[in-house]
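Student: Could you take me through this structure step by step, with the chain as a whole before its parts?

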Amino acid sequence: MNKYGIRAGIRRIMAAALGTIMMAGTGVGGEIQALAAQVYPVSRTVSASQTVSGPVLTPYYGPSNQVQNNQELQGVWISYLEWEKLPNEEGAFKAAVDKMLDNCVSWGMNAVFVHAHSHTDAMYPSKILPWSKFVSGTQGKDPGYDPFGYFVEAAHQRGLSIHAWFNPYRVTGYLMGIEDLSDTNPVKQWMTDDNPDNDRWVLLQNGQYYLNPAVPQVRQLVADSVREVAENYPVDGIHFDDYFYPSVNDADPQAWFDKPEYDASGSSLSIADWRRENVSQLVSQVYSTIKSVRPDLVFGISPQGYLPNLRSDTSMFVDIDRWMGETGFVDYIMPQLYWGFEAKNLRGEDAAYAFDSNLASWIALKKTGSVKLCLGLGMYRAGTDVADNNQVSEWLQFDDIISRQVQTARASGQVSGFCYYSYSSFLEDAAASEVANLVSLLAR
């Protein structure tokens, strides 16, 4: 057994001993099915007619999933922005990934959340989506090896769980323009095939392109891409974040997005509820897809962190109350609680989204169902001049905000873990003291 295997074994023994104490009083029901012997599929099959090329995976008996087994999750997001900085050459890439994951272990992390699909693309060999620009420098260009596969292998060698991170609807955005789409991208094909039936499967909104959530074929594409990863990699979870609907204006034809689909649908729902239903159908379909492949595989979503924003009738259309109160949508929710304890509103009053009150609102919602609550915390804010309506930003005044947030959440007995945005932030000089305080807390 290598040093990482020994470390992972020690961590699992300690987690088994301490996990029940740490999570006592959570009142979380509906435990996710656990398999005593986890034998992952070795087939590379995507569908009856498609097979992903590459080596056949051997069964993996890896780190127990923290969300699944009532161990406190300590994770780091590794986004496409980190992928973009990694070298393309295989040897250099693997060395850089090894260093990244060694850092995560040294910080006390037990999980990583790694982009597998950020812009309707793939960080792995796919029969559905083109190679990501952030893997090889050019969308559709094969790097000659399996970068995401190496992340999975290297994470597990170090006793780290790995969750495959998907942005379900995003096509373009920061560092990714429409001109970057490869000819093999299904979006490019829809836009150029002279077939009017699929012209509105991708829509331009506020200067960026998104898959149309109202289209069943779009939902199927997303579910198929998730299935491809779940079947072919021994990941510990599937993870979505907050890229759902963009902001819309139903009074402006240039900004009403999928209103024509609503008008044609004949739905008795309001347009806002109809949009929520579109997103919920996707989430439910993905959940069912995941469980059909591996019942033990967890699915979670990290939405924006302020509930009134999620309940908006003009953007995102996340039916958070339904997802938290009913079964069949998510195993855990991980709101992005990126505000400090002393955030103020424009009147100088304590903001409703300040950490304590915001956490309380999420805990109250969590108690309506059996979905577990984890928190996304914003290490990227550490040591920076965040506009929080204080004379001097709270993030410049204190260097223990993140560690106090962890302690506060732990004291509630209602929070199952944490994930920090993002990996690169832990390396910033401005965050050094905040990181040191968090690492010290996690080491105890």
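What follows is a conversation in questions and answers.

Tutor: This is a predicted model in which local features need pLDDT of at least 70 and side-chain atom pairs count only at pLDDT 80 or more, while totals for chains, interfaces and linings use all residues. Residues are numbered from 1 along each chain as its sequence is written, and side-chain values use heavy atoms, with hydrogens and water left out.

Student: How many helices and strands are there in the chain?
Tutor: Helices (H or I, at least four residues) and strands (E, at least two) are taken as DSSP runs and numbered from the N terminus. Counted in this way, the chain has 15 helices and 12 strands.

Student: What percentage of the residues in the chain is buried?
Tutor: A residue is called buried when its relative accessible area is under 20%, exposed when it is over 50%, and partly exposed in between, with a 1.4 Å probe and protein chains only. Of the 444 residues in the chain, the buried ones make up 57%.

Student: Which strands form the closed barrel?
Tutor: Two strands pair if DSSP finds at least two bridges between them. The barrel is closed, has eight strands and shows parallel pairing. Its order is β3-β4-β5-β8-β9-β10-β11-β12.

Student: What is the bridge partner of His 117 in β5?
Tutor: Strand β4 (residues 111–117) and strand β5 (residues 161–166) run parallel and are joined by six bridges. Within β5, His 117 has as its bridge partner Phe 166.

Student: And in β8, what is the bridge partner of Phe 166?
Tutor: Four bridges join β5 to β8, and these strands run parallel. Both faces of strand β8 (residues 237–240) are covered, with Gly 237 and His 239 buried on one side and Ile 238 and Phe 240 buried on the other. In β8, the partner of Phe 166 is Phe 240.

Student: Which residue in β9 is the bridge partner of Ile 238?
Tutor: Strand β9 (residues 298–301) runs parallel to β8, and four bridges join them. The partner of Ile 238 in β9 is Phe 299.

Student: At what angle do the axes of helix α12 and helix α14 cross?
Tutor: Two packed helices are described by the angle between their axes and the distance between the axes. Axes are lines fitted to C-alpha atoms, for helices over the stretch in contact, and angles run from 0 to 180 degrees between N-to-C directions. For α12 (residues 355–366) and α14 (residues 401–412), the axes come within 11 Å and cross at roughly 35°.

Student: Why does Val 202 count as buried?
Tutor: Val 202 lies in strand β6 (residues 202–205). Leaving out residues up to four places away in sequence, Val 202 touches several residues, including Val 171, Trp 190 and Tyr 209. Val 202 counts as buried because its relative accessible area is 6%.

Student: Which residues are in contact with Thr 289, leaving aside its neighbours within four places in sequence?
Tutor: Thr 289 has its place in helix α9 (residues 271–293), and Thr 289 counts as buried, at 9% relative accessibility. With those neighbours set aside, Thr 289 is in contact with Ala 223 and Arg 227.

Methods: Contact means heavy atoms within 4.5 Å.
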